[in-house]
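Here is a friendly briefing to read beside the sequence and the 3D view. Keep both open as you go through the topics.

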Amino acid sequence: MIDLHTHTFFSDGVLSPSELVYRAKYKGYTAIALTDHIDCSNMKTVIAGITKVAKILTENYDILVLPGAELTYIPPKLIKDSAAKCRKLGAEIIIVHGETVAETVPPKTNIYAVEAGVDILAHPGHLSEEEAGIAAENNVKIEITSRKGHNVTNKEVAEVALKKKAKLVLNTDTHSPENLLSKELIAKVLSDAGLSSNYYDIMQKNSLEIIESKRIQ
């Protein structure tokens, strides 16, 4: 299993990176991204810590750990520049905290994220066809999430993304141990999103595509 959206105590998660990664390995994960919430106030310190520990855990726990960042509530016009800065600091997976219906995310966050060519637009809420089309053109993956609250628009997101040929990934947005993937959780998320049970294989290939793009850079 691959999960490219998780949080540690570097932001609002409850676990240390080491505990989160080992718990994920125990559950059968093969790869995980540590993508704590980032803005201009904590970008350098969080990415430095995540990058350091990701290397150590990859070497010692036999699981691929990718350092990442979730750009959260950043003024939309600054998303492209912020993503570039995060990459220079060592973040390999760049996620944008999309316009979920569960929160008051700044309008136009989705469109600026897909135009910026980040890796994943997370929980985008009422994803528009324009946003999905640009995501497809820029190879930005669209997230189907298991996170409570954010997941209420999964079916809508899946329908719009597939119509515009944008690629989907399944992530947990994990904040605590019980959020991690399981076969039962995967089946429920897919069903609720109106996706077939075997569509998870496609989503995993899409996640792997992101990972492989980082390995060849």
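Lys108 sits in the loop between S5 and H4, and its phi is positive, about 75°, although Lys108 is not a glycine. Helices (H or I, at least four residues) and strands (E, at least two) are DSSP runs here, numbered from the N terminus. This is a predicted model, in which local features need pLDDT of at least 70 and side-chain atom pairs count only at pLDDT 80 or more, while totals for chains, interfaces and linings use all residues. Residues are numbered from 1 along each chain as its sequence is written, and side-chain values use heavy atoms, with hydrogens and water left out.

**Backbone and loops**

- Lys108 is exposed, with a relative accessible area of 55%; buried means under 20% relative accessible area, exposed over 50%, and partly exposed in between (1.4 Å probe, protein chains only).
- Tyr73 also has a positive phi, of about 60°, although it is not a glycine.
- The loop that holds Tyr73 runs between strand S4 (64–71) and H3, and Tyr73 is partly exposed at 37% relative accessible area.

- Helix H4 covers residues 109–116, and its buried residues are Thr109, Asn110, Ile111, Ala113 and Val114.
- The cover over the buried residues of H4 includes helix H3 (79–89), strand S5 (93–97), strand S6 (120–122) and helix H5 (129–137); contact means heavy atoms within 4.5 Å.
- After H4 comes Gly117, with a positive phi near 75°.
- In helix H6 (residues 154–163), the buried residues are Asn154, Val157, Ala158, Val160 and Ala161.
- Those buried residues of H6 pack against H5, strand S7 (141–145), strand S8 (168–171) and helix H7 (183–192).
- After H6 comes Lys165, whose phi is positive, near 65°.
- An α-helix has 3.6 residues a turn, so residues three or four places apart point the same way.

**Nonpolar cores**

- The largest nonpolar core has 56 residues, and Leu71, Cys86 and Leu168 touch the most other members.
- Helix H2 (residues 43–61) gives this core its largest share, seven residues.
- A second, separate core has twelve residues, among them Ala33, Ile120, Ala122 and Val169.
- A nonpolar core is a set of buried Ala, Val, Leu, Ile, Met, Phe, Trp, Tyr and Cys residues joined through side-chain atoms within 4.5 Å.
- Not counting residues up to four places away in sequence, Leu71 touches Ile38, Ile79, Ser82, Ala83, Cys86, Ile94, Ile95, Val96 and His97.
- Val46 belongs to helix H2 and is buried, with a relative accessible area of 4%.
- Leaving aside neighbours within four places in sequence, Val46 is in contact with Phe10, Asp36 and Ile38.

**Cysteines and aromatic rings**

- How many disulfides does a search of the whole structure find? The count is zero, where a disulfide is a pair of cysteine sulfur atoms within 2.5 Å.
- The sulfur of Cys86 is 11 Å from the closest cysteine sulfur, in Cys40, which is too far for a bond.
- Cys86 is buried at 0% relative accessibility, whereas Cys40 is exposed at 75% relative accessible area.
- A search of the whole structure finds two aromatic pairs.
- The ring centres of Phe9 and Phe10 are 5.9 Å apart and the planes lie at 75°, so this pair is edge-to-face.
- Rings of Phe, Tyr and Trp (its six-membered ring) pair if their centres lie within 6.5 Å; planes under 30 degrees apart count as stacked, over 60 as edge-to-face and the rest as tilted.
- Phe10 is partly exposed, with a relative accessible area of 31%.

**Distances along the chain**

- Ser213 is part of helix H8 (residues 199–215) and counts as partly exposed, at 27% relative accessibility.
- The C-alpha atoms of Ser213 and Pro106 are separated by 29 Å, with the two residues 107 apart along the chain.
- Between Val46 and Ser213, 167 residues apart along the chain, the C-alpha separation is 23 Å.
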